Structures are given as C-alpha cells and as structure tokens.
Amino acid sequence: HTNFNKIDYFVANNVFNKWLSRGKFNVYRHAPNLFAQWAQIALNLWIINPEPKYYDVASAFNKKFINSIIHKQNGIIYWKSEFTKGTVLDVSHANSEISYLIQAYDNNLGISFDQIELVMGILKRQILLKNGMIAFYLDGTGKTSFDNRWLIDGFLKLGRYDRTLQS
C-alpha cells in the first residue's frame, strides 16, 4: 500500500500538477490523442482521489471529443488529428481516445454505451478489412497488414463488449 501511495503522489505532483500549473494548454491539448492521454491520467487520479481538477480535465475531453466526431452522409464516422483542423486520424493514434473512452464508460464518467457502440462500429465497418488487412485511417482509407500491429490497447479492449471482435 505504501508503494501505491508513492506512485499516486508522484503522478499527481510530478506529472499532472506540474504541467497543469504551467498552463492549461499543456493538458488541454489540440490533438485528440494527446488530450486523451491527459484525460486518462486525470481519470485514474480522480478514481483514487476525486478532486474536481481531475474530473474537470476528463469531462472537458469528453465534451470536446464527442463534439469533434464527424458523421458523413455515407455512414462513415471519424475524427481528425486535431480538434478543429487536420487530416483524418490514423488508426494507431486513435488507440488513445478509444482506451480513454472505455475507461470513462467503465467508471461512469460521461461516456454512454451508445458512444462505445459508435467506436465499435468504426472498427467493424471501417477498419477491419478483408484478407487480413486493416485500414490505415479511421475513415477506412489506406491499407496496411494486420501484422503491423496498428490495433492495440484501445481497440483490443472493445472486444469485452462484442464477442465478434474477439475472434
């Protein structure tokens, strides 16, 4: 238990508080995958010690991210490499957002199962292609071999909600 407290103290003070005190722009990032990493740190700290500053960061990410999802008329859904501009995000970088969304959903922090189903749909309809190939970008464009290990962490965790993703 002592080691746990030391780690909690270190992360809270030497990572989160340090960078937040140097300006919100260090934590409230313009790139969804970077902001998601900060939101995940904040969520983990909030679970241990429910201070408003941790909740505020996670909550801010939820709102900004959900509002940045693009729904095309042809059913394609994706988000960009930056919240307000940029190109379609590549699959490997999207793992940060997916991993955070799952943890936020599992801890009842403003993410609904409908939103989890939305990202499962992106994976099933746009990313997992035929013949062992996967899309390079979230919108289903570009192709790479499944052996390149682009589907890690976040996307793999989606399997807990859908058995078809486990096979």
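The model is predicted, so local features need pLDDT of at least 70 and side-chain atom pairs count only at pLDDT 80 or more, while totals for chains, interfaces and linings use all residues. Residues are numbered from 1 along each chain as its sequence is written, and side-chain values use heavy atoms, with hydrogens and water left out. A search of the whole structure turns up three salt bridges. A salt bridge here is a side-chain nitrogen of Lys or Arg within 4 Å of a carboxyl oxygen of Asp or Glu. Helices are DSSP runs (H or I, at least four residues), numbered from the N terminus.

**Salt bridge: Lys-53 and Glu-51**

- The side chains of Lys-53 and Glu-51 form a salt bridge, at 3.6 Å from N to O.
- Lys-53 is partly exposed, with a relative accessible area of 30%. Partly exposed lies between buried (under 20% relative accessible area) and exposed (over 50%), using a 1.4 Å probe and protein chains only.
- Glu-51 is also partly exposed, at 27%.

**Salt bridge: Arg-160 and Asp-106**

- Arg-160 pairs with Asp-106, and their closest N and O atoms are 2.6 Å apart.
- Arg-160 sits in the segment after helix 6 (154-157), and Asp-106 belongs to helix 4 (residues 91-106), so this pair ties together parts 54 residues apart in sequence.
- Asp-106 is partly exposed, with a relative accessible area of 36%.

**Salt bridge: Asp-162 and Lys-124**

- Asp-162 and Lys-124 meet through their side chains in a salt bridge of 2.5 Å, N to O.
- Asp-162 lies in the segment after helix 6 and Lys-124 in helix 5 (residues 113-127), so the pair links parts 38 residues apart in sequence.
- Asp-162 is buried, at 12% relative accessible area, whereas Lys-124 is partly exposed, at 38%.

**Helix 1 against helix 3**

- Helix 1 (residues 2-21) packs on helix 3 (residues 52-68) at about 50°, with their axes 12 Å apart. Axes are lines fitted to C-alpha atoms over the stretch in contact, and angles run from 0 to 180 degrees between N-to-C directions.
- The two helices, helix 1 and helix 3, are therefore oblique. Angles under 35 degrees count as roughly parallel, over 145 as roughly antiparallel, 65 to 115 as roughly perpendicular, and the rest as oblique.
- Ala-12, Phe-16 and Asn-17 of helix 1 touch Lys-53, Tyr-54 and Val-57 of helix 3, where contact means heavy atoms within 4.5 Å.
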